[in-house]
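Here is a short briefing on one protein chain. Keep the sequence and the 3D view side by side as you read.

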Amino acid sequence: MFKLFQKKKKEDFSTQMIELIENVINGRLSIHHKYEVLIKRVSKSNKPVKTKLAISRYIMHRILRESDRVFIKAQIQANK
């Protein structure tokens, strides 16, 4: 029979969903940790306050985009 028409087992589906959730959480945590280090480096630098603010805003933008990307990829994979 075609693979498309085969039913997935509930247990298999549940374990796949748990793995996806764990991957999303771990992915987001690693992204946030990476950028946390950058923010700390920026705050300790000798740059002017306006430059620090611009860099910090850019880093926050990157955190949000990358974190959302991890979540969206997991949603796409869950719908397959």
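This is a predicted model: local features need pLDDT of at least 70, side-chain atom pairs count only at pLDDT 80 or more; totals for chains, interfaces and linings use all residues.

A salt bridge is a side-chain nitrogen of Lys or Arg within 4 Å of a carboxyl oxygen of Asp or Glu.

**The overall picture**

- The protein chain has 2 helices and 0 strands.
- Helix α1 covers residues 10-44.
- Helix α2 covers residues 49-78.
- Of the 80 residues of the chain, 15% count as buried.
- The accessible surface of the chain is about 7300 Å². Carbon and sulfur atoms account for 61% of that surface.
- Take the contacts between residues at least 6 apart in sequence: 69% of them join residues at least 24 apart.

**The length of helix α2**

- How far apart are the end C-alpha atoms of α2? They are 43 Å apart.
- That agrees with expectation, because 30 residues at 1.5 Å a residue should span 44 Å.

**Salt bridges**

- How many salt bridges does a search of the whole structure find? The search finds 4.
- Side chains of opposite charge can pair when their charged atoms come close.
- Lys34 counts as partly exposed because its relative accessibility is 43%. Glu66 has a relative accessibility of 13%, so Glu66 counts as buried.
- Arg62 also forms a salt bridge with Glu66, with the closest N and O atoms 3.2 Å apart. Both residues lie in helix α2, 4 residues apart, so about one helical turn separates them.
- Is Arg62 buried or exposed? Arg62 is buried, and so is Glu66.
- Salt bridges with shared partners join Lys34, Arg62 and Glu66 into one network.
- Glu36 and Lys40 form another salt bridge, with the closest N and O atoms 3.5 Å apart. Both lie in helix α1, 4 residues apart, which is about one turn of the helix.
- Glu36 has 40% relative accessibility, so Glu36 counts as partly exposed. Lys40 has 46%, so Lys40 counts as partly exposed too.
- An α-helix has 3.6 residues a turn, so residues three or four places apart point the same way.

**The nonpolar core**

- Which residues make up the largest nonpolar core? The core has 5 residues: Ile31, Tyr35, Val42, Ile59 and Ile63.
- Both α1 and α2 give two or more residues to this core. The largest share, 3 residues, comes from α1.
- Val42 touches Lys52, Ile55, Ser56 and Ile59, leaving out residues up to four places away in sequence.

**Buried residues of helix α2**

- The buried residues in α2 are Ile59, Arg62, Ile63, Glu66, Ser67 and Ala74.
- Ser67 lies in helix α2. Its relative accessible area is 6%, so Ser67 counts as buried.
- What does Ser67 contact, apart from neighbours within four places in sequence? Ser67 is in contact with Arg28, Ile31 and His32.

**A closer look at Lys52**

- Lys52 sits in helix α2. Lys52 counts as partly exposed because its relative accessibility is 22%.
- Lys52 touches Val42, Ser43, Ser45 and Lys47, again leaving out residues up to four places away in sequence.
- Lys52 and Ile39 are 13 residues apart in sequence. Their C-alpha atoms are 9.1 Å apart in space.

- Which residues make a nonpolar surface patch of about 300 Å²? The patch is made by Ile21, Ile25 and Leu29.
- Leu29 is in helix α1. Its relative accessibility is 54%, so Leu29 counts as exposed.

Conventions. Residues are numbered from 1 along each chain as its sequence is written. Side-chain values use heavy atoms; hydrogens and water are left out. Patches are made of residues with over 30% relative accessible area and no salt bridge: like charges are joined within 9 Å, nonpolar side chains (Val, Leu, Ile, Met, Phe, Trp, Tyr) within 5 Å. Accessible areas come from the Shrake-Rupley method with a 1.4 Å probe; for residues, only the protein chains shown count as cover. Buried means under 20% relative accessible area, exposed over 50%, partly exposed in between (1.4 Å probe, protein chains only). A nonpolar core is a set of buried Ala, Val, Leu, Ile, Met, Phe, Trp, Tyr and Cys residues joined through side-chain atoms within 4.5 Å. Contact means heavy atoms within 4.5 Å. The expected span of a helix is 1.5 Å times one less than its number of residues.
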